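Okay, thanks for having me. I'll walk you through one model, so let's get it up on the screen.

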Amino acid sequence: MSTPVMYSADTNAFDIAWVREQFPSLTLQFNRHGSAFLDVSTRAAMADLFNCDPNEVVFGQNMTTITFALARAIGRELKAGDEIVVTTLDHDANVAPWRTLEEKGVVIRQVDIRESDCTLDLDDLKRKITAKTKLVAVGYASNMVGTINPVAEITKLAHAAGALTFIDAVHFAPHGLIDVKALDCDFLVCSPYKFFGPHMGTLYGKREHLRAAAKRCRQRIARRTSTKPDYSLA
Ligand SMILES: Cc1ncc(COP(=O)(O)O)c(C=O)c1O
């Protein structure tokens, strides 16, 4: 392996050859041309990263866009008075999308932090998860202060109340191993551009939730199609 020097001493030039060496996929040749296959094996690689099935992986533009889309989809199933729990320790990308559901009367309850050590106040979290809670949105690790949240424990608390969990692992993913099966979370999202991947977001969703969402989507399309006015005889 060559010396990891980004700038050569004499010219101060950016050592592009060394940088390219750090990304083995860039050495791929096809018909004697350098090639990058952006879709081959990607789903399987992400499934390996999450420890899930390849058909539980969803791609999107970035974490924020995916979360807004998921909030919109989950919001369709919620009614006024249902509750979502978010936290003060989280990036706004895991708060603002859920807050959009306040428009339809969903109550957003925000868990506090312990100011002495910037950890999540788990007693407050336990108080804020109620029988009305439908989803707990929490970060795996804080991008602000580095706190790692006990997301497996939080998932247990949420599930005991009949709520789903949505884990923002954007900050955690470049630093630690993710195992969605061990966490038993319902959704988890990360952004590959934070660990030298392309600028995109990736969602893990439990198969049963993705399948149910796809079914609802098909039903909505069918309803729309069947109520369409028939202009064919006009
Ligand atoms: C913890 C955390 N969550 C979410 C985001 C938003 O991610 P994205 O840029 O993929 O929308 C960031 C971005 O820095 C982040 O640090």
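**Starting from strand S8**

So, strand S8, residues 133–139, is mostly covered, with seven of its seven residues buried. Buried here means 20 or more other C-beta atoms within 10 Å of the residue's own, exposed means 12 or fewer, partly exposed is in between, and the C-beta atoms are placed from the backbone. Helices (H or I, at least four residues) and strands (E, at least two) are DSSP runs, numbered from the N terminus.

Quick housekeeping. This is a predicted model, so local features need pLDDT of at least 70 and side-chain atom pairs count only at pLDDT 80 or more, while totals for chains, interfaces and linings use all residues. Residues are numbered from 1 along each chain as its sequence is written.

Who are the neighbours of S8? Strand S4, residues 83–87, pairs with S8 in the parallel sense over three bridges; pairing needs at least two DSSP bridges between the strands. One of the contacts to look at is Glu 83, whose bridge partner in S8 is Thr 133. Strand S9, residues 164–168, also runs parallel to S8, over five bridges, and there Gly 139 stands opposite Asp 168. To get from S8 to S9 the chain goes through helix H6, residues 151–160, in a right-handed β-α-β crossover. Right-handed means that, with the strands pointing away from the viewer, the path from the first strand over the helix to the second runs clockwise.

In H3, the buried residues are Met 63, Ile 66, Thr 67, Leu 70, Ala 71, Ile 74 and Gly 75. They cover an arc of only 160° around the axis, so they sit on the same side of H3; the arc is taken from the directions from the helix axis to the C-beta atoms. Helix H8, residues 207–226, is another story: of its 20 residues the number buried is zero, so H8 lies largely in the open.

On to the ligand. It has 13 residues around it, the closest being Asn 62, Met 63, Thr 64, Asn 143 and Ser 191. Near means a C-beta atom, placed from the backbone, within 6 Å. The shell splits into three nonpolar, nine polar and one charged. Nonpolar is Ala, Val, Leu, Ile, Met, Phe, Trp, Tyr, Cys and Pro, charged is Asp, Glu, Lys and Arg, and the others, Gly among them, are polar.

Last stop, Pro 192, in the loop between strands S10 (187–190) and S11 (201–205). Pro 192 is buried, with 21 other C-beta atoms within 10 Å.
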